[in-house]
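Subject: The structure you asked about

Hi there,

Here is the structure I promised to pass on. Have a look at it first, and then read on for what I found.

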Amino acid sequence: MPSTEPPTVPPATVLPKVAAVKVADGERLRSVHLPGATLTVRSRRPLCDGLPPALYVHGLGGSSQNWSALMPLLDGVVESEALDLPGFGDSPPPDDGDYSVTGHARAVVRHLDASGRGPVHLFGNSLGGAVATRVAAARPDLVRTLTLVSPALPEIRVQRSAVPTGLLALPGVVTLFSRLTREWTAEQRVRGVTALCYGDPELVSPEGFSNAVEEMERRLRLPYFWDAMARSARGIVNAYTLGGQYGLWRQAERVLAPTLLVYGGRDQLVGYRMARRAVRAFRDSRLLTLPDAGHVAMMEYPQTVATAFRELLADTERPAAGERTDGIVDDEPANQSTGG
């Protein structure tokens, strides 16, 4: 639901300048001006013409950089774009201060409508997974396939390790937390985030860690950083409590696109046990389980995720489940499980 709270940050036109965002080899950044929001979009030059488009949506506190390990592995398969949600990465806050799941989904839809790239292969991680689910349910015409990495879908019993993130949604907690952690260095903060999000923090290369510290230093200079975190966390909590047709699990059941679900066995934010429920909810789904992965499998095991997506793409180009060109009825179930 749209937020009723007024924005607490200055408009994007008067925000201070901060250090430039990192751009990996083969990537470029551009700003896209939409009604109510300006988005920064990270893209890669396709290896050939005519490739189907893909769009990647990051999670809470993340950015389009979260997909930089996966995107080059799909260069010959799709034409990749990853966006910074409003208030994250290099995108300024939304004009109306709406950081709800619906607000973020609206920004994604507006970008796809304006660019004319749809239908796309839509990817989402964590918060981005909830956003992508809502987009796929509301606008099936915009989504060819759906790939969800640890999607933030409602859990009855939230893991203890995820509670601190949820507490950011409470009024006053962000102010208290920022005061208590004022002396923390960017390096300390990145180590904490890495320990929370990775199944094995040792998978982060020295260069990757250095880049993450630099990005953290940049974000901490933004006057809206904590506000975007708090309001987006509140948006996830609010989405968890919605029932009826707007409930995320109900919307998952409405998704028509073939769906790849990726869950990590060491995920401290989204329960591994939710994988089976997700398989039941998404009608045309397959499951990739990675026992050693944490919350960001596309960063931890990008090659494995890329292979699973290539298999999904290959299968969607074949006759649909239950149909054969020779007229034989195939009674194999649509849901499949791969991986460990």
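Strands here are DSSP runs of E with at least two residues, numbered from the N terminus. By that rule, glycine 264 has its place in strand β7. Please keep in mind that this is a predicted model.

A word on confidence before the details. The protein chain has a mean pLDDT of 84, and 80% of its residues reach 70 or more. Residues 1-15 have a pLDDT below 50, and this stretch has 30 contacts in the model beyond near neighbours in sequence. Residues 320-340 are also below 50, with 24 contacts counted in that way.

Let me start with β7, which covers residues 259-264. 6 of its 6 residues are buried, so the strand is largely enclosed by the rest of the structure. In general, side chains in a regular strand alternate between the two faces of the sheet. In β7, Thr259, Leu261 and Tyr263 point one way, while Leu260, Val262 and Gly264 point the other way, and all are buried.

What does β7 pair with? With strand β6 (residues 143-149) the pairing is parallel over 4 bridges, and leucine 148 stands opposite leucine 261 there. With strand β8 (residues 285-290) the pairing is parallel over 6 bridges, and threonine 259 stands opposite serine 285. Between β7 and β8 the chain passes through helix α9 (residues 274-281), in a right-handed β-α-β crossover.

Back to glycine 264 for a moment. Its relative accessibility is 2%, so glycine 264 counts as buried, the cut-off being under 20%. Setting aside residues up to four places away in sequence, glycine 264 touches Ser150, Tyr272, Leu290, Ala293 and Gly294. Alanine 293 is 29 residues from glycine 264 along the chain, yet their C-alpha atoms are separated by 4.4 Å.

Strand β3 (residues 53-57) is worth a look too. 5 of its 5 residues are buried, so β3 is largely enclosed by the rest of the structure. Pro53, Leu55 and Val57 point one way from β3, and Ala54 and Tyr56 the other way. β3 pairs with strand β4 (residues 79-83) in the parallel sense over 5 bridges, and alanine 54 has serine 80 as its bridge partner in β4. Another 4 bridges join β3 to strand β5 (residues 120-125), again running parallel, and here leucine 55 has leucine 122 as its partner.

Nonpolar side chains tend to be buried together in soluble globular proteins. In this model the largest nonpolar core has 52 residues, and Val108, Leu122, Leu146 and Phe282 touch the most other members. Helix α2 (residues 127-138) gives the most to this core, with 7 residues. Leucine 122 is in contact with Leu55, Val57, Ala132, Val135, Val143, Thr145, Leu146 and Thr147, leaving aside neighbours within four places in sequence.

Finally, the cysteines. How many disulfides does a search of the whole structure find? The search finds 0. Is cysteine 197 buried or exposed? Cysteine 197 is buried, with a relative accessible area of 15%. Cysteine 48, at 38% relative accessibility, counts as partly exposed.

Best wishes

Conventions
Residues numbered from 1 in each chain as written. Heavy atoms only, no water. pLDDT = per-residue confidence, 0-100. Contact = heavy atoms within 4.5 Å. Buried < 20%, exposed > 50% of the residue type's maximum accessible area, 1.4 Å probe, protein only. Pairing = 2+ DSSP bridges. Right-handed = clockwise from strand over helix to strand, strands pointing away. Core = buried A, V, L, I, M, F, W, Y, C linked by side-chain atoms within 4.5 Å. Disulfide = S-S within 2.5 Å.
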